[in-house]
Amino acid sequence: MVIDLDRCNGCGACATACAVENNVPPARPSANERTGLTWQRVYRASNGRQFPENRSVYFPVSCQQCEHPPCVSVCPQNAVDVSPETGVVSQIPVRCLGCRYCMTACPYHARYFNWFDPKWPDGMETTLNPDVSVRMRGVVEKCNFCHSRWQAAKAKAAAAGKRDLDPADYVPACVEACPEKAIVFGNLDDPRSGVAKSAKSANAFRLLEKLGTEPKVFYRSDRAWVRRLADADVAVQEKEATRG
Amino acid sequence: MKFNVTRRDVLRFAGGAAIGTALSPMPWNLTDDLAIWTQNWSWIPKPPKGERATRTTVCALCPAGCPVEARCIGGLPVALRAANDGAALCPLGMTGHHLPHHPNRLTGAVGITRGERRPAAVTTDMVVRETARAIRSARAGAGSVVVLDTRPGRSGSWAWRRLLAGIDSAVVAAAPGLEGASLASLDTMLDARSQSFGLDLRNARTILSFGAPVAEGWGQLDLAAARESVRLVQVEPMRSRTAESADRWLPARPGTEAAVALAIANVLLAEGLVDTTALSGTDEFDSYLSVIAGFSPDRAAAIAGLAPDEIFATARELASSGPSIVVAGEQPGGGPLGRPAETAIFGLNLLLGNVDREGGIVGRTPLPAPGDDAPLTPLARLDEIPDHSVALVIIDASAGDGVYPWSLVARKLSPKGSLVVALSPFLSGSAARANFAVPTPPYLETIHELPTSFAEPVASIALSAPLLPTRSGAVDPVAFMRSIARAAGLDLAGEWATTESLIRERVARIHRAGSGTVTSPADGSATLVAELSTSDELWDALLAGGRWSAAPSNTMPPRTMRITGGLGTALGELPTRATATPRPTGTLTLVPRATRDTSASAAVSPVLTKLYQESGLRGSTGTAVLNPRTAASLGFAAGRNVRLLTAAGAMRVALMLDEGVMPGVVEIVVAPERSALGEKTAPGARTVLDLLTPGNEQTWSAVDAQLLEG
């Protein structure tokens, strides 16, 4: 995935589409930014200058689908797995025992814990996506690049007698929902794909690259001050700037 | 043969069985099954099952009317997405299918008493009787009757005017702060009582916007698609999404928009960049010239906190990179800029010769009314209605809502006795302020009409087809009007008894006129109305997600252009806060902010807590944002709870710091309210909007405020 930060305007459509697609429940009144469930979260960072030279950039951050995910090695339950076929880091809720070691290990704050059983307002459960299971309390959950859509694309390809799925059939919800077309998705291993070319462009970068996690989510920006944010903890920076 | 089973044998057997079981897969399978079984308690919601289908409709949650493709399971929508390729729905639109299940959805009529946490259940018949009684009192001289329409232009809007035509003191007014409200000022300048023009944003090369959230869909301009061909200059004090997206952002101080507009006019005239032949010789133009003479770029820049070069550059760009258009918008949460500012801003269009020109202000034929030319009660603006004169307010929020301070309505109510009745699907927003609320069907449960939006260059109409059955207890707004007519002895001629039948009448009239085209959202193909044999065919095409558009009519009837809108030299009078220096110590300018999408609906999906509560992306209502330098000068640190004080009262707010906020300004998040997000709160409880006391111009885009400890 490559996210163009010069196009992202912080509308939040990606975060909303993700919640709808993946049956992420609405927050309880007591929930806040630390206890909420936001598989896709949009952070705002700035260039640190004073008004009116202050400029903002919006970072949509989900699970970075690392090639060397720290969460895999710390899980005592083997509830985290890297798919050899897709490279997606999957979270297996039925194996998770809720120790949250993976949340501590994740440097991107991209994992979320179900403190409570999910609750939707009466009747709203009829709007749930039947292709995604609902998680119970006590388990960790995170972005899986809309694995159910991958499954559906595979099934469609198989029904058509094809071995490989059509890339147009597998589009995560956030990619589809972005009005600015800021998120590009595809096969990083295919050098002809748009996403592979964007990932290799001069202005592409990854978050916290020095940690060696090798994320599969790239960002790009023509603005140098945005690229310099790559080594900063975006979540902490936003918190420090706005809440002291 | 006799078995001699001893206790030791039993123990050996049990021990062996235990070890053997442990070595078998059975206990581990049981553990797995236990894990799965405990994740399927009865209270864990189960996704629906059923046949999968795709249906199309049109989003009715804001006037834009985006085509929608709904993924349905067992006939129930589970996901909404844009129906046309390359487009996308906003967060409100993509969660619209949650609204019929909103926790604050009205299931029956209620009576609301201030201070009571829960409203009292009443019957719709009782509300009809009370409304009829108030009408009779109004006719007897107790006061006037006002219908506040939160989505003007619908067939239902026409029906209200038809219903109240027999009452001398009745008017229908648009709810304050709705999109396009500022165009009433342009209406006055072009000497028309009802708008017969649109804004051709799609063909403009340069757009100068004063506060309009163009990047959020205001004016239905797809800015992302138009980026290569249009330049946007945004003038507003906040670094909004539109300001961030603009090619240039002019951070003018709140309340100084008129000064900036008049200074731009000063440059256009001083440098001979415009042809004033059409305007010269009129009384208003002489007044205009005398006003702008007092707004040199240097003076305006000092007032607005800008560099004079910015004003020069903007004026030159408007003149050289045409077609250019200048718009005054309604800031989500902050409402319109006020008539003087809007007049100064729209005056630039008259100066630039933008009227009746592609890429500018274009003429359009009005949408046919649903009925014949029967008498209709007049339209008015809420600020034109005398204070303390209204005996009955009926708020029609059945098709949407607005964000405005309730005091704008409250000040109109007669102290001798008044009644407020709201029609809404939800007990939030306007309905929460009423004495009685009547439940109407929400989006996706009934046919909603999307008439011509304010900026459209041609008349158009789309229909939002229902995807769900109407829940029992919901009241059709037109049926409610019929009940009132019967109870109050009002004449409401016509066969139509429901909203659907009324809209059908309108569609039939469009078909009889035989002009225009219906465009399909799926492939963009257009069918001439003349090729549709019956109005039923047109109706079906609209219900399938199509949009009817009139043939372009870019010719406006000849009219006198009044460049000061009748204000004369008063055009140059700025709000006190814009010019008073020094300001009293500790006085800040309170600027409300919201986003365009969620401001259009009284309720939003609870899932939008992802944006408003579970992340800091949009901030929750009641959050005050201050520049760190301003906070330091006041002795405040981030994260504190402070008291926000205005002329209307005080409220505790949470404080956040942001270097992107203008010094001396405190931005406050005003929408959506907690009740809109699904929390059960006492209806009519005070909200942040109550702190925004509208000034003399009925605006609340900037008010004086103080931040105090506690």
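User: How many helices and strands does chain B have?
Analyst: Chain B has 21 helices and 28 strands. Helices (H or I, at least four residues) and strands (E, at least two) are DSSP runs, numbered from the N terminus. This is a predicted model: local features need pLDDT of at least 70, side-chain atom pairs count only at pLDDT 80 or more, and totals for chains, interfaces and linings use all residues. Residues are numbered from 1 along each chain as its sequence is written, chains are lettered from A and ligands numbered from 1 in the order written, and side-chain values use heavy atoms, leaving out hydrogens and water.

User: What box do the C-alpha atoms of chain B fill?
Analyst: Roughly 130 × 65 × 55 Å, along the principal axes.

User: And what is the radius of gyration of chain B?
Analyst: It is 29 Å, which agrees with a compact globule, because 710 residues would give one near 27 Å. The radius is taken over C-alpha atoms, and the globule rule is 2.2 Å times the number of residues to the power 0.38.

User: Which domains are assigned in chain B?
Analyst: Domain 1 is 7–38, domain 2 is 110–178 + 367–549, domain 3 is 196–364 + 563–570, and domain 4 is 581–709. The bounds come from an automatic or database domain assignment.

User: How many residues of domains 3 and 4 of chain B are in contact?
Analyst: 22 residues of domain 3 contact 20 residues of domain 4. Contact means heavy atoms within 4.5 Å. The domain centres, over C-alpha atoms, are 27 Å apart.

User: What area do those two domains of chain B bury between them?
Analyst: About 1500 Å², 62% of it on carbon and sulfur atoms. Buried area is the accessible area (1.4 Å probe) that two parts lose on being put together, summed over both. On the side of domain 3 that touches domain 4, the residues divide into 11 nonpolar, 7 polar and 4 charged. Here Ala, Val, Leu, Ile, Met, Phe, Trp, Tyr, Cys and Pro count as nonpolar, Asp, Glu, Lys and Arg as charged, and the others, Gly among them, as polar.

User: How many salt bridges are there between domains 3 and 4 of chain B?
Analyst: The count is 0. A salt bridge is a side-chain nitrogen of Lys or Arg within 4 Å of a carboxyl oxygen of Asp or Glu.

User: New topic. Where is B:Pro323?
Analyst: B:Pro323 lies in the loop between helix H12 (308–320) and strand E12 (324–328) of chain B. A cis peptide bond joins B:Gly322 to B:Pro323, with omega about 5°. Most peptide bonds are trans.

User: Which residue does a cis bond join to B:Pro672?
Analyst: B:Ala671, with omega about 0°.
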